[in-house]
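Student: Could you show me how to read a sheet and a ligand shell from a structure?

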Amino acid sequence: MIIPFSICLFFILLIVVRFLFNIWWIPFRVKNVLRLQGLKGPAYKFIHGNTKEIIEMKKQAMSNPMDLSSHDIFPRIQPHFYTWMKLYGQNFLMWDGARPQIVVTEPELVKEILSNKEGAYGKMKLRGYLKKLLGDGIVMAEGEKWTKLRKLSNHAFHGESLKDMVPAMIASVEAMLETWRKYEGKEIDVCEKFRLLTSDVISRTAFGSSYMEGRKVFETMTKLCIIISRNAHKIQYFGIGKLVRSQNDIEADETEQLLHDSIMAIVKKREDEVKTGRADSFGTDFLGSLLKVHHDMDKKNRISVVDLIDECKTFYFAGQETTYSLLCWSILHLAIHTDWQERARKEVLQLFGQENPNSEGIARMKTVVMIIYETLRLYSPVVTITRQIYSNVRLGKYELPENIDLLIPPLALHRNPEIWGEDAHLFKPERFAEGLAKVGNNNSMAYLPFGYGPRACVGLNFAANEAKITLSMILQRYKFSLSPNYVHSPFQVLTAQPEKGVQVLLHSL
Ligand code: HEM
């Protein structure tokens with residue numbers, strides 16, 4: 001069938017009008033509406049927004065290693081936020097292509113956004129390759145679906161369930177420490193070891209398998225993370241990506257399929273155990289709970305197979321990547337601040353002697369917790385908490401139109417001298433001596449490594465337990481100091497990580 005020329009022309013015109021509406025009219029309108037209310041920011045550049053400047057600023061910031069005397073990683077990891085906050089104030093408008101984004105660092109406004117329960121601020125719709133990594137799991141879900149998923153994960157990662165995980169965590173750390181023996185009296189890159197450890201811990205505790213079984217999942221996830229970071233500020237040209245496939249698109253699609261298949265293999269194995277009578281239930285771990293709901297007799301309670309896979313993806317990723325970052329930076333601090341290393345060891349030996357950590361002792365740790373908190377303040381693994389305005393809303397003094405992204409960088413609040421004092425960039429775990437409630441001038445928004453409000457981290461206690469157990473078992477066996485080969489180069493691959501590892505000199509006790 002031949003389509004008449006006039007109809008073709010009509011559709012072409014429609015596409016052009018929509019294109020111009022998106023890349024010209026929306027930025028023009030939003031910029032004016034916000035500017036009138038005093039919300040300024042860098043100028044919108046046609047199609048690209050501020051992405052080219054951001055890429056250039058990041059390249060500049062990363063061009064040299066950092067001085068170890070300061071832990072102020074904000075200007076390095078998010079140089080665009082740092083620069084524009086100084087120019088335009090605590091809250092400002094910037095552009096991801098033609099998409100308006102407001103960076104919010106004023107504590108009262110951050111609180112309003114993160115504690116909102118009326119649904120005006122929802123999760124930011126994932127664009128590009130990040131969707132392939134996280135799918136529509138709990139991190140992205142809203143409404144009833146989120147409530148159902150959150151209930152499941154709350155149960156799996158809290159209270160008694162967490163206590164039951166302690167032996168599995170210890171077994172993973174023991175396996176890791178076996179491989180440390182050959183480094184005694186030598187240099188070791190702890191990050192390499194923590195990569196495997198954190199993968200093994202989430203595999204054993206949530207999915208009932210070892211790192212070796214989950215290996216394909218982690219390998220494909222690492223590959224996807226690299227593709228995502230490589231394309232972080234690349235602009236999607238309004239549907240053109242669907243017509244013309246780039247090398248990155250093809251690679252990302254293939255990797256997503258591999259990830260799907262490798263998770264499916266783990267799921268099928270568990271299902272087969274029940275089908276063949278080798279097991280009488282799906283199990284009590286996180287995967288078992290997911291499968292139980294997936295096969296629920298009542299259709300209303302069920303989750304689909306897509307949701308099941310997305311949930312596995314989310315927890316494999318969230319359970320590993322963030323705690324990896326925390327452990328690497330904690331060891332860096334302990335290697336530099338050997339006085340704190342000694343204090344932490346003293347506490348560990350008082351609580352456990354040479355025995356493995358136990359739940360009661362873990363709950364009583366104080367010094368190690370202070371060190372973990374301070375590490376998370378200076379090197380927050382999650383560097384941006386995102387939301388999207390779902391409907392026109394009043395935020396503080398601003399009237400904001402819908403469909404704008406909101407970006408909250410915890411590091412900006414964690415380094416604020418008005419909250420933390422002029423020495424905010426220094427490692428001082430004593431800030432946390434009175435516990436979390438008393439820190440940062442009693443400002444509940446002073447400290448956001450795990451977010452805040454209904455969407456705060458569900459794995460907080462899991463991560464804390466894993467870090468406490470790992471650090472305790474290392475401190476029981478080894479003294480360590482920073483190797484002269486260490487290069488201080490914090491960078492962001494989704495989370496904030498040491499680009500070139502953390503090398504320490506290891507001495508057995
Ligand atoms: C040091 C370790 C960790 C840090 C710093 C961290 C940080 C965060 C932050 C900032 C959020 C809030 C995001 C938002 O408000 O949009 C979050 C949410 C979440 N985290 Fe973590 N996390 C850590 C460990 C973990 C672990 C170990 C797990 C899983 C076992 C996990 C699972 C999740 C999930 C599922 C959510 C989404 C919750 C929801 O939307 O209801 N996290 N995390």
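This is a predicted model: local features need pLDDT of at least 70, side-chain atom pairs count only at pLDDT 80 or more; totals for chains, interfaces and linings use all residues.

Student: In what order do the 5 strands form the open sheet?

Tutor: Strands (E, at least two residues) and helices (H or I, at least four) are DSSP runs numbered from the N terminus, and two strands pair if DSSP finds at least two bridges between them. Here the order is 1-2-8-5-3, with mixed pairing. Strand 1 (91-96) and strand 3 (121-122) are the edge strands, each pairing on one side only.

Student: In which sense does strand 8 pair with strand 2, and in which with strand 5?

Tutor: Strand 2 (residues 99-104) pairs with strand 8 (residues 405-408) in the parallel sense over 3 bridges, whereas strand 5 (residues 385-389) pairs with strand 8 in the antiparallel sense over 4 bridges. Leucine 406 of strand 8 is the bridge partner of isoleucine 102 and also of arginine 387, while leucine 407 stands opposite valine 103.

Student: How many residues surround the ligand?

Tutor: A residue is near a molecule if its C-beta atom, placed from the backbone, lies within 6 Å of it. There are 25 such residues around the ligand, the closest being Ala318, Thr322, Gly451, Cys457 and Gly459.

Student: Which helix gives the most to that shell?

Tutor: Helix 14 does, with 7 residues; helix 7 (143-156), helix 14 (305-336) and helix 21 (460-477) each supply at least two.

Note on methods:
Residues are numbered from 1 along each chain as its sequence is written.
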